[in-house]
Amino acid sequence: MVVLTTRCLARVYNRTFIDKLRIYVRGGTGGNGLASLNGIGGRGGDVYIVAAQDQNLKLTEFKKLHPTKRFIADPGENSQRRLPSGLNGSSIYVQVPRGVTVVDAESRKVLGEISNRTDKILVARGGKGGSRWTNFLPRRGKCHSLYLDLKLIADVGFVGFPNAGKSTLLRNLSTAKPKVAEYPFTTVKPELGVLTYTDYRKITMADLPGLIEGAHLNKGRGHMFLKHIERTNILLFVVDVTGFCLSSKTKYRDAFQTVQLLTKELEQYDKMLVNKPAVLAVNKMDEDNASVMLEELQDKLFNWKDHLDDLPPTSVPNTQIKFRDVVPISAKFGSGTFSLKQKIRSEIDNLALPGSARLELEGPTSDTDLLSVESSPHKHLNDEILIL
């Protein structure tokens with residue numbers, strides 16, 4: 001059981017990770033018309049948001065390179081005697097990482113999402129050139145303030161309270177090196193690891209900062225990081241078999257109650273999240289009496305209606321997550337992680353199958369030690385942005 005103190009809750013969060021950025025965009029002004037020749041000025045350039053080719057630059061680096069965060073397309077050329085029809089101004093393309101949602105800062109309207117390599121969003125149209133219909137005066141380009149809201153794209157999203165062992169598990173399954181310590185809230189920004197199998201199949205995993213009760217109300221890190229779960233394919237609940245306690249002033253929650261509270265937080269943020277495929281990893285099986293507590297958890301999950309009395313009615317989720325499997329593990333020592341790897345792959349592969357077809361992996365599914373777990377080079381979040 002973990003008890004958090006108010007001193008721990010007062011920790012300063014990492015400010016080097018940026019997943020939301022405000023920018024200003026404006027289409028180019030049209031060129032002047034020429035009345036004596038009835039000439040038409042060129043149209044101003046447009047501003048587009050497109051998927052980035054380079055995924056190595058981060059939003060933090062982009063902010064340093066472009067401190068003004070202003071992107072203005074070229075104006076159209078004026079009508080001239082030698083060229084009565086002015087040339088159009090050049091459009092500019094703002095390259096952003098996949099997973100970015102473009103939102104109008106004033107109206108809060110979602111203009112589009114960048115999920116695929118070919119996605120393109122017109123965010124500011126250039127002004128028309130001057131002509132006889134406008135008294136040969138040009139029009140200004142449209143201007144907007146936009147939010148670039150990055151939502152992490154990963155195959156597996158870790159869900160759990162602080163100190164459940166999510167970072168330790170990520171270290172075990174990959175060569176990612178998130179910070180691990182005895183105190184809570186050691187993960188202050190999302191970390192991405194790559195799980196590599198012997199046949200070179202790769203699955204990305206996202207370790208998110210631990211939730212607390214009320215995260216959907218923006219308590220703790222709140223929906224600042226809950227939003228990253230939206231784009232994951234499956235959820236991996238990581239729960240301490242011994243239970244969890246937020247602080248000395250709050251009530252202790254056993255493993256079953258922890259699952260219920262986590263489910264409620266996801267449900268309050270977005271009801272669709274509880275419909276995602278989910279696997280439950282019961283961690284810290286190296287603790288004393290862990291096997292007994294695991295049996296109690298499995299019994300309560302099966303007969304969940306009989307074990308909700310200890311929770312306030314407002315903390316009981318309306319929908320129970322149907323876990324595809326419950327896998328006991330010890331992330332610290334590596335036991336059970338091989339079975340967990342196999343289950344994760346099975347669920348990811350099943351998502352690609354039509355209908356209700358199921359895929360069963362060949363090979364052993366028994367527990368193995370840490371040395372049998374394949375790992376791959378560490379990768380950070382795809383939270384980069386490049387503006388051209």
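Q: Which angles between axes count as oblique?
A: Angles under 35 degrees count as roughly parallel, and those over 145 as roughly antiparallel. Angles of 65 to 115 degrees count as roughly perpendicular. The rest count as oblique.

Q: In this predicted model, how are helices α5 and α6 oriented to each other?
A: Helix α5 spans residues 255-269 and helix α6 spans residues 290-302. Their axes come within 8 Å and cross at roughly 45°. Roughly parallel needs an angle under 35 degrees, and roughly perpendicular starts at 65. Therefore α5 and α6 are oblique.

Q: Which residues of α6 meet α5?
A: On the α5 side, the residues are Ala-255, Phe-256 and Val-259. Their partners in α6 are Leu-297, Lys-300 and Leu-301.

Q: How many residues of the contact of α5 with α6 are nonpolar, polar and charged?
A: The contact joins Ala-255, Phe-256 and Val-259 to Leu-297, Lys-300 and Leu-301. Lys counts as charged. The division is five nonpolar, no polar and one charged.

Q: Is Asp-240 buried or exposed?
A: Asp-240 is found in strand β12, residues 234-240. Its relative accessible area is 6%. The cut-off for buried is under 20%, so Asp-240 is buried.

Q: Which side chain makes a polar contact with the side chain of Asp-240?
A: Asp-240 sits in strand β12. The polar contact of its side chain has a distance of 3.2 Å. The partner is the side chain of Lys-284.

Q: What kind of aromatic pair do Phe-161 and Phe-244 form?
A: The structure holds three aromatic pairs. In the pair of Phe-161 and Phe-244, the rings are 4.7 Å apart centre to centre, with 15° between the planes. Planes under 30 degrees apart count as stacked, so this pair is stacked.

Q: How many residues apart are Phe-161 and Phe-244?
A: Both residues are buried. Phe-161 lies in the loop between β9 and α3, and Phe-244 in the loop between β12 and α5. The pair links distant parts of the chain, 83 residues apart.

Q: What kind of aromatic pair do Phe-237 and Phe-323 form?
A: Phe-237 is in strand β12, and Phe-323 is in the loop between α6 and β14. Both are buried. Their ring centres are 5.2 Å apart, with 80° between the planes. Over 60 degrees counts as edge-to-face, so the pair is edge-to-face.

Q: How far apart in space are Arg-171 and Ala-331?
A: Arg-171 belongs to helix α3 and is partly exposed, with a relative accessible area of 35%. In sequence, Arg-171 and Ala-331 are 160 residues apart. In space, the C-alpha to C-alpha distance is 8.6 Å.

Terms used:
Residues numbered from 1 in each chain as written. Predicted model: local features only at pLDDT ≥ 70, side-chain atom pairs only at ≥ 80, totals over all residues. Heavy atoms only, no water. Helix = DSSP H or I, 4+ residues; strand = E, 2+ residues; numbered from the N terminus. Buried < 20%, exposed > 50% of the residue type's maximum accessible area, 1.4 Å probe, protein only. Polar contact = N/O pair within 3.5 Å; in protein donor to acceptor, adjacent residues only side chain to side chain. Axes fitted to C-alpha atoms, helices over the stretch in contact; angles between N-to-C directions. Contact = heavy atoms within 4.5 Å. Phe/Tyr/Trp six-rings, centres within 6.5 Å; stacked < 30°, edge-to-face > 60°.
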